[in-house]
Amino acid sequence: GAEAAEPVAPRPPVGTWSWAGLAKAASAGAAANGEMEIVFNLDSKLYDGRYANLGWLQELPDPLSKLSWDNAALLSPTTASKLDVTRGDMVTLTVDGRSMDVGVFVLPGVADDVVSLSVGHGRGEAGGKFANADINNYTVPAGGFNAYAVKGAAWFAPVTVKKTTGSYFFVTTQEHGRLDPKVETPFGVVKYERRPHVMEGTTEAYNAKPDFAQIKPLFPLKSLYEEPNERGGQQWGMTIDLNTCTGCNACTVACNAENNIQVAGKDRVAVGRELHWIRIDRYFTGDDENEPESVFQPIACQHCETAPCETVCPVGATSHSPDGLNDMAYNRCIGTRYCANNCPFKVRRFNFFNFAKENHEANELLEMQQNPNVTVRFRGVIEKCTYCTQRISVAKSMAKVNHKDGRVPDGAIVPACAETCPADAIVFGDINDPDSAVSKLKATPRNYAMLQDLNIHARTTFLAKIRNPNPELA
């Protein structure tokens with residue numbers, strides 16, 4: 001007869017995961033001990049501190065907090081309210097018997113009852129000359145706080161947080177160049193009424209209306225002049241995909257290296273005088289106190305076709321090139337700053353001081369690093385993104401030699417920001433060529449231009465961000 005089948009063992013139960021339950025359990029445990037949790041993390045710019053002596057990285061704003069030259073004890077608005085602290089207040093952190101005083105910065109998105117503190121800052125002479133912000137005579141403290149003073153072997157640990165006396169002056173660039181009306185809120189959190197600079201939606205919204213990013217202006221403005229520039233031949237333009245941009249700041253650093261952009265220092269950044277040609281604006285989506293989501297938008301000169309800056313320059317220092325670039329002639333600029341005042345995107349930078357001389361005195365070997373194909377600007381002139389015009393010139397010269405028609409092939413010109421972007425979010429090319437990569441992207445329904453109701457025809461456009469959250473996890 002047939003052999004009896006062996007009994008099959010029952011399958012073990014499958015566990016379920018609940019983020020809400022984890023947060024509740026962690027908060028309950030912390031409350032029982034009168035403690036919170038501290039999370040140490042590698043700094044987004046200085047790593048573990050080995051890059052603290054690089055002025056570019058010290059001045060580079062953090063992707064989320066937008067802090068420049070510093071780190072901070074990051075707290076959620078709810079935790080800040082519980083501790084009765086706001087931006088710049090000092091608290092004492094005690095971890096396993098080790099204590100230090102650190103400044104507080106309130107940031108939406110940080111978990112409640114958690115302190116987030118990056119390592120690598122505040123190491124004094126061990127960090128090097130730039131780590132001490134020793135470029136010029138600073139009037140505000142810089143350098144940050146040395147998290148290694150309380151960090152043990154673990155990257156997270158229980159911590160006791162107590163408010164103490166004193167305050168610390170933080171510099172954040174998120175408010176620089178913002179066009180949204182400011183709304184005052186408690187605990188030092190600066191909020192703005194959102195304007196449609198960043199277009200985003202869900203896959204459901206995109207499928208229902210693919211061109212949701214195309215907002216028709218209610219009252220389109222008329223330009224001071226109608227299409228005065230040449231439109232023939234090769235015309236350059238750019239797209240930036242907000243769906244793939246991670247806000248990593250690699251484009252800003254690449255632009256600094258390519259275009260000899262100088263370090264200004266914390267006290268100058270405090271009054272909006274940083275010289276970065278491309279800034280990364282960070283926006284929060286949703287309730288700031290209930291799991292907000294972030295979105296990043298790189299902003300540089302948009303190279304407007306009917307540029308407001310060109311019409312107000314009294315000496316013609318800024319003008320339009322035949323291939324569509326908004327050019328700057330540094331030796332003609334007399335520093336009126338009319339162009340900066342008239343720029344709706346606030347992307348022009350003015351050399352209030354002789355930054356090149358200051359940087360040379362701080363590091364005499366700087367000239368060995370600088371790009372010889374780019375002018376080093378002097379005091380009293382405006383500078384801005386040029387689409388890496390030096391690379392465009394080289395490609396055009398090579399095309400005259402290698403191609404009978406003299407046309408630059410698609411992909412031959414790659415600006416420094418696009419070359420460095422790890423997510424390929426930035427694409428540059430000939431917008432007159434329908435087969436170019438940039439033209440194909442501009443033809444998609446996600447493509448839109450900022451402030452298009454001003455009728456300035458920006459050459460740099462953006463691809464709207466599409467979110468696709470899993471409804472079972474969101």
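**Figure 1. D281 and its partner R279, a salt bridge in a predicted model.** Let's start with D281, which counts as buried at 3% relative accessibility. Keep in mind that what you are looking at is a predicted model. D281 forms a salt bridge with R279, and the closest N and O atoms of the two are 3.0 Å apart. R279 is buried too, with a relative accessible area of 13%. Because both values fall under 20%, the cut-off for buried, neither residue is classed as partly exposed.

**Figure 2. The whole chain, for orientation.** Before going further in, here is the setting. The chain has 474 residues, and 49% of them count as buried. Its secondary structure comes to 12 helices and 20 strands. Take the contacts between residues at least 6 apart in sequence: 74% of these join residues at least 24 apart. The salt bridges number 16, and there are 8 aromatic pairs. The remaining views pick out some of these.

**Figure 3. D241 and R446, a salt bridge across the sequence.** Side chains of opposite charge can pair when their charged atoms come close. In this view, the side chains of D241 and R446 meet in a salt bridge, at 3.0 Å from N to O. D241 belongs to strand 10, while R446 sits in the loop between helix 12 (437-442) and strand 18, so this pair ties together parts that are 205 residues apart in sequence. Are these two buried or exposed? D241 counts as buried at 12% relative accessibility, and R446 counts as buried at 16%.

Figure 4. D96 counts as exposed, at 67% relative accessibility. R98 is partly exposed, and its relative accessible area is 29%.

**Figure 5. E200, E293 and R467, a linked trio.** Some salt bridges join up. In this view, E200, E293 and R467 are linked in a network of salt bridges.

**Figure 6. K151, a buried lysine without a salt bridge.** Where does K151 sit? You'll find K151 in the loop between strand 5 (114-119) and strand 6 (156-167). K151 is buried yet has no salt bridge, and the nearest side chain of opposite charge, D48, is 9.9 Å away. That distance is beyond the 4 Å cut-off for a salt bridge, so D48 doesn't count as a partner. What does the charged end of K151 sit over? It sits over the ring of W155, 4.0 Å from the ring's centre.

**Figure 7. R268 over the ring of F353.** An arginine shows up in this kind of arrangement as well. The charged end of R268 sits over the ring of F353, 4.2 Å from its centre.

Figure 8. The structure holds 8 aromatic pairs. In one of them, the rings of W236 and F428 have centres 6.0 Å apart and planes at 20°, so the pair is stacked. W236 lies in strand 10 (residues 236-241) and F428 in strand 17 (residues 426-430), so the pair ties together parts that are 192 residues apart in sequence. Both W236 and F428 are buried. Another pair is made by Y448 and F462: their ring centres are 6.1 Å apart and their planes are at 35°, so this pair is tilted. It links distant parts of the chain, with Y448 in strand 18 (residues 447-448) and F462 in strand 19 (residues 460-463), 14 residues apart. Y448 is buried, with a relative accessible area of 2%, and F462 counts as buried at 0%. Elsewhere, ring pairs link F105, F145, Y168 and F170 into a cluster.

**Figure 9. W69, a buried tryptophan in a loop.** W69 has its place in the loop between helix 2 (55-59) and strand 2 (73-75). W69 counts as buried, at 0% relative accessibility. What does the side chain of W69 make a polar contact with? The partner is the side chain of E59, at 3.1 Å. W69 and L57 are 12 residues apart along the chain, and their C-alpha atoms are separated by 8.3 Å.

Note on methods:
Residues numbered from 1 in each chain as written. Predicted model: local features only at pLDDT ≥ 70, side-chain atom pairs only at ≥ 80, totals over all residues. Heavy atoms only, no water. Helix = DSSP H or I, 4+ residues; strand = E, 2+ residues; numbered from the N terminus. Buried < 20%, exposed > 50% of the residue type's maximum accessible area, 1.4 Å probe, protein only. Polar contact = N/O pair within 3.5 Å; in protein donor to acceptor, adjacent residues only side chain to side chain. Lys, Arg positive; Asp, Glu negative; His and termini not counted. Phe/Tyr/Trp six-rings, centres within 6.5 Å; stacked < 30°, edge-to-face > 60°. Lys NZ or Arg CZ within 6 Å of the ring centre and 35° of its normal. Contact = heavy atoms within 4.5 Å.
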